[in-house]
Amino acid sequence: MSYVDAVDTEHWAGIGALAFAAFALGLPFQRPSLFLVALVGVGFAAYARFGDAPAADLTVERELSESSPSPDAEVTVTVTVENAGSATIPDLRLIDGVPPGLSVSDGAARLGTALRPGKRATFSYTVTATRGSHEWEPLTAVVRNASGSRERVVEVDAGTTMRCLPTLEASSDLPLRGLTTPYSGRVATDVAGSGLEFHSTREYRRGDPLSRVDWNRYARSGELSTVSFREERAATVVLLVDSREAAYRAPDEDTPNAVERSVEAAGEAFSALLSTGDRVGIASYGPEACWLAPATGEQHRATARRLLADHPSFSVSPSEEPFYPSIALRRLRRRLPADAQIVLFSPATDDYIATVAERLNAYGHQLTLISPDPTTDDTATRRLARLERDTRLRRLRSHGIRVIDWGERPLAVELARATRRWSR
Amino acid sequence: MRRRLAAFGAVAVLVGLFVSFRQEFAGLIPATWVFVLLIAVAAGVQSVTTALSRRRTPIRETDTGDPERRYEAPTPGDDLRETLRYARRSSRRGDRPREQLRERIATVAAAAVADAEDCSESAARERLRTGEWTDDPVAAWFLSDEVRLPPAERARLLATAPFSQYEAAFARTVRVVDDLVSHGGDG
């Protein structure tokens, strides 16, 4: 529990003017009623100076109807405050420290009351669960004396955490680029071998499977030849989430910010890639470094799920830690496997991240940018920011980077459109 | 001064209490009309002083914030509002906020002109300089030092936005560039 020294609120400042004015009028005109009014003023002035804001000794219990809810579930929070001290608190205002990532959907996270020693007060409200680990901040109690002329702030911690794991539902297939591993998978390469898509024919060699012999050609010319297909291989993909302060942007207060959308999309992409046999990793580019090396398997999926829920770099509000962009980029490059392609999730609201994307692409990690659009055009300055972002995305496309400009439609729709565009 | 006044007040209260118990001393206090009026005037002055000091004293209370709402991220472009506010207050040439805003629009406009006209970025910059990139006189003037704003247009701008011509010109230029990006300038 932490206290702040009591301060004067000045609520009663100037009440003496009433007493003086009534006295000044009552004296020359000899009106007893005005003298009485002056006495009332004196009484209020004395009342304002009576007593200090008590140093409240409070205990807080906070109960959640569910401590590990699924996303979008409604969770009821019940807060009970007890006056554990020996003094009556005549004026107590309680404001609960709802985590910044949660919004109250029903009720109010505050209460105004008076508490005698040993008595308890309870209030409750409902929050809508969102992905992440949400820790409650201390409850703030504003304590005043009876007249409200003195005020003290007390903060009481109750240590409550709610953990909401993302569901990691797979979106439609994420279109990948040509950089692959030697393992078989679903990315069609330019290497001739076994697969589905026709690549070429060549002279028959002993040991070629009979199913790949071109029998039509044999019937026409009597020559044995073997059909080759594009070999399909697995890819190593790192899902890189831009979590710098500049990425925390939203078009309005009701829409999730770009980092939240990015993390949600990364979860979907992770699940989709894992189910198609690709090796997937997760990284962040922001003040809180996060790295999950590319791998496969159910255990890897569970680790990613926890990471996307708990890691501070994927928090719904920006980190206050300092960020050194060049060092972060160097560290990321050291960790990236040579054959890893990158799917970058970023709103691209500044030039710096565009430069990072260009550099990573130039280093050979074929990069795809999925960019949740946080811009709007209801004012001239916002319209200019939207135009700047459009220009940035056009520049990236012209540098050979695949860009998915993700608006309000579901990611799966945007991915399907992009796949059609890229396969032409 | 305040101490003296407080001491005087304390003495007056003590004398009053004393007289209320020993009323035979009441005759020692001058009760003439002038004396009573003087005290009333002093009380009146004090009431005015107290009322004025009340007006100067801010009421303090703890700001409890809005914990019911979740973190609200800013919208891209909000950072420019402050720059625009500074730019409104200064002269058109030779000042940093205005230069900053103009350069940001010019960068976007140059890219849009280069796309629309299928020319290089430097050729697009040249068109911005000469004002050939648009038919809109305000947008052409806004992005160039060499283009003059016709008096009729200046008067129109003044009439539409008497208190913030700079902001109106800024908004109009952004709209023209947006048009160029969306419709290649035909819309």
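## Chain B, then a helix pair in chain A

Chain B has eight helices and zero strands, counting DSSP runs numbered from the N terminus, with H or I of at least four residues for helices and E of at least two for strands. With a radius of gyration of 35 Å, well over the 16 Å the globule rule gives for 187 residues, chain B is more spread out than a compact globule. That radius is taken over C-alpha atoms, and the rule is 2.2 Å times the number of residues to the power 0.38.

As for the bookkeeping, residues count from 1 along each chain as its sequence is written, while chains are lettered from A and ligands numbered from 1 in the order written. Since this is a prediction, local features need pLDDT of at least 70 and side-chain atom pairs pLDDT 80 or more, but totals for chains, interfaces and linings use all residues.

The C-alpha atoms of chain B fill a box of roughly 110 × 45 × 25 Å along the principal axes.

Now for chain A, where two helices pack at about 180° with axes 11 Å apart. Axes are lines fitted to C-alpha atoms over the stretch in contact, and angles run from 0 to 180 degrees between N-to-C directions. The helices are therefore roughly antiparallel (over 145 degrees). Their contact residues have C-beta atoms, placed from the backbone, within 7 Å:

| Helix | Residues | Contact residues |
|---|---|---|
| α4(A) | 258-275 | A:Val263, A:Ala266, A:Gly267, A:Phe270, A:Leu274 |
| α5(A) | 298-310 | A:Arg301, A:Ala304, A:Leu308 |

How values were computed:
Angles under 35 degrees count as roughly parallel, over 145 as roughly antiparallel, 65 to 115 as roughly perpendicular and the rest as oblique. Two residues are in contact if their C-beta atoms, placed from the backbone, lie within 7 Å.
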